[in-house]
Amino acid sequence: MFKIIINGQKIETTENKNLLDFLRDDMDFTAVKNGCGEGACGACMVLVDGKPFRACVLTTEKVNNKNVFTVEGLNEYERDVFAYTFSDEGAVQCGFCIPGMVVSAKGLFLRTLNPTRDEVKAALRGNICRCTGYVKIEKAILESARIFREGIEVPKVECKGFVGENTVRIDAKDKTLGKGKYAEDIKVPGMVYGGAVRTQHPRALIKNIDISEAEKLDGVIGILTAKDVPGYRNIGHLSFISDWDALIAEGEITRYMGDALVLIAAKDKRTLKKAKALVKVEYEILEPITDPEKALEEGAPKIHEKGNLLFKQVLKRGDAEKAIESAKYKVTNIYTTPYTEHAYLEPESATAIPKENGIKIITSSQSIYDEQREIARLLGMELSKVEVESTYVGGGFGGKEDMSVQHHAALLAWKFKVPVQVTLGRQESLVVSTKRHPMKIEMTTACDENGILLGMKAKIISDTGAYSSLGGPVLQRACTHAAGPYNYHNIDIEGISVYTNNPIGGAFRGFGVTQSAFATESNLNKLAEMVGISPFDIRYRNAIEPGMTLPNGQIADAGTGLKETLLAVKDVYENNKLVGIACAFKNAGIGVGLPDVGRCILSIEKGKVHLRTSAACIGQGVGTIAMQMVCETTGLNPKDIVVETPSTLRTPNSGTTTASRQTVFTGEATKVAAKKLKERLMESSLKELEGEEFIGEYSGVTDPMNSEKKNPESHVAYGYATQVVILGEDGKIKKVVAAHDVGKAINPKNVEGQIEGGVVMGLGYALTEDLKIDNGVIKSKFGTLGLFRSTDVPEIESIIIEKNTEELAYGAKGVGEIVVIPTAPAVQGAYYKYDGKFRTSLPLKETAYKK
């Protein structure tokens with residue numbers, strides 16, 4: 001018998017069980033989050049006799065006769081303090097890590113209520129945040145300490161919700177206190193657990209699958225293989241490709257280590273684990289194809305029936321060959337960028353519930369309508385019979401655009417007529433999930449004697465891995481942005497995306513531009529050196545201005561603010577010695593002639609305005625932004641508005657949370673609906689409008705790739721940025737200054753949080769993040785990915801440039817992706833000044849961070 005005091009309550013149990021599972025499954029303390037299960041992330045942080053520990057590495061036996069504290073154990077005053085400070089400071093984004101942060105703060109406060117910033121950083125060393133960059137979390141903890149220290153009354157925050165105001169996020173309090181529900185927190189009566197048996201080899205012929213022993217195991221509900229799929233086995237985020245097999249059948253060849261062979265439903269997690277181990281698979285092991293260039297060689301085995309070339313993109317304007325040949329200075333380099341893991345704190349999870357004539361899926365998603373379409377395809381159902389509802393999303397960054405567990409949960413639930421929850425373990429998530437595409441980029445850039453850019457030529461090879469995912473669009477963005485935000489018009493860019501047996505490349509914050517911008521901006525540093533001018537000067541002389549034409553042919557609009565971002569960092573660049581600088585631009589919206597629509601419904605119900613949109617919040621705060629759009633347009637108070645969670649039954653299709661589009665597209669759609677509501681409010685009260693609905697829609701009209709127009713409009717808007725990285729004499733980063741043209745900051749504190757989080761993610765990409773893959777097999781664990789922790793983060797200064805006067809979305813351009821793009825090349829430039837070594841691969845080698 002083990003006796004544990006949990007949040008003051010005496011608990012007895014005879015079972016020696018993992019403490020995280022005991023707290024979540026047996027005691028329903030779901031504020032303790034299951035992030036990695038290996039003691040690396042801190043999402044499950046608890047206090048044991050006042051000291052912080054990760055619950056996932058403890059057992060009930062180890063805490064016998066001890067006091068265990070979780071966020072649920074905070075007293076009322078403590079809850080009020082933490083809810084206020086984390087909300088007011090803008091410390092909450094996806095929120096998955098925040099309860100663990102609060103626990104670490106509580107542990108710190110038991111030692112001191114007057115901590116220094118360094119002591120706060122040290123206290124958070126065991127907690128990873130992938131969204132915020134830690135800056136605002138540290139501020140919230142310091143402010144909490146002050147309030148506790150002085151014993152003052154917690155301030156009451158009242159927000160009008162207008163555009164430009166630091167409106168408190170609608171979800172901040174619930175996320176801080178662990179009350180908000182994420183996908184794995186869902187519990188349904190009669191629910192069982194599902195999972196997949198996956199291939200042991202990236203490329204192998206499946207000769208035989210024997211499930212007989214697993215079927216005999218007591219507690220196994222049922223087992224499925226490829227032959228049990230009632231609809232189409234092949235699904236995909238892009239419906240016109242649909243090349244990702246939900247299950248691999250006997251007689252077929254696996255394509256990567258994430259391929260599923262068998263699905264199992266069992267009464268509990270332990271039985272599921274045992275059943276998986278009892279499945280026997282006979283393989284004929286084949287040599288995996290892991291080099292994209294070799295995959296294109298004549299005679300190479302075909303990973304897909306159509307061959308190994310997924311997509312080719314060619315962009316030509318002007319005469320690049322002639323411009324380069326006649327240029328005074330030219331530089332050619334070959335750059336390589338690596339796979340990068342999204343490392344969102346919440347592993348993939350979904351619960352599927354069978355209904356009389358269909359299925360309901362509760363999940364964390366970047367687009368419930370994409371999931372509805374793919375699940376309907378797999379099950380052979382009409383769309384209307386598949387209902388999808390989203391919980392809070394514990395980070396995404398693009399990695400939750402593709403199916404991972406939702407379709408498997410749905411198939412199991414539909415076949416066995418029982419609610420099924422499928423959750424990936426962290427290592428399984430690393431294997432299954434998509435990554436940032438590794439690319440090899442050969443680039444030549446040329447300029448005249450004054451540093452004026454004349455032309456560039458590039459060849460980009462992108463490894464899309466086993467399935468297409470968004471390999472084509474990612475390559476397109478890498479190509480369309482490869483010439484940078486500069487005023488020259490001779491470009492020759494060829495990109496190819498290639499299938500291999502490696503992990504799948506998918507959408508990832510920056511969407512291909514992180515890769516090509518590293519090459520573009522690094523080449524500029526070399527050219528500046530040849531000309532004899534500074535890296536700042538070469539960028540300023542060529543920076544795009546309103547009315548000028550971008551290399552892709554689009555005319556820069558009046559809100560273009562690249563030069564303003566450069567001027568904002570000019571002094572800090574020129575007054576420091578060991579500095580690097582880089583610029584970037586990034587589209588808002590899908591663009592390139594593809595349909596792109598934001599939608600919103602405002603319905604009046606019981607005297608409140610229900611804001612209904614399927615736009616997924618993955619940490620960027622789109623629900624709060626949409627609410628501000630309504631408040632600004634109508635003058636209503638935030639208290640009058642209910643922001644609903646995405647549901648295919650209640651919320652219209654607002655498109656995927658991708659391409660920095662939701663603030664612009666769904667924001668504008670919300671504004672359109674709010675204008676209609678405003679007109680009615682001029683003559684009626686909310687009470688009098690009961691039952692009415694106001695519908696808003698915005699469609700971005702753009703021109704297709706390689707349009708014959710002289711000046712095609714590829715995207716409805718672009719954001720611009722300049723970042724400066726300052727090194728200390730020890731080679732460590734002292735400070736990053738990030739100036740971003742965001743059009744209009746709907747919520748400035750929210751924008752700062754996006755910038756800070758993007759900068760830290762960019763620093764990891766530049767310096768420490770290195771996903772180890774050997775012959776198609778991932779060798780890294782979550783704890784060895786090289787993610788930046790609180791103690792690694794330098795000072796970050798955010799500068800928000802607001803220039804855009806367009807009416808579209810009150811001038812907002814979207815900022816979620818661009819924030820990560822300039823960081824790595826700015827770091828490259830700083831190290832070039834530091835030691836004279838011109839580095840062409842990421843993560844950068846021979847630095848203070850990576851020897």
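On a 1 Å grid over the protein atoms alone, a pocket is an open set of points with protein on both sides within 12 Å along at least five of seven lines, while a cavity is a set where a 1.4 Å probe fits but cannot get out; lining residues have an atom within 4 Å of a point. Points join across faces, edges and corners, and a volume is the space filled by probe spheres set on them.

You are viewing a predicted model, where local features need pLDDT of at least 70, side-chain atom pairs need 80 or more, and totals for chains, interfaces and linings use all residues. Numbering runs from 1 along each chain as its sequence is written, and side-chain values use heavy atoms, without hydrogens or water.

**Stop one: the largest pocket**

Select Asp21, Asn34, Lys269, Lys273 and Gly425, which lie nearest its centre among 32 lining residues. The space here is about 1,200 Å³. Next, colour α8 (269-278), one of the elements giving two or more residues to this lining; α8 gives the most, with 5. Helices (H or I, at least four residues) and strands (E, at least two) are DSSP runs, numbered from the N terminus. The lining has 14 charged, 9 polar and 9 nonpolar residues. Here Asp, Glu, Lys and Arg count as charged; Ala, Val, Leu, Ile, Met, Phe, Trp, Tyr, Cys and Pro as nonpolar; and the others, Gly among them, as polar.

**Stop two: the second largest pocket**

Now pick His237, Leu238, Ile590, Leu594 and Pro595, nearest the centre of this pocket, which holds about 920 Å³. Its lining divides into 17 nonpolar, 12 polar and 8 charged residues.
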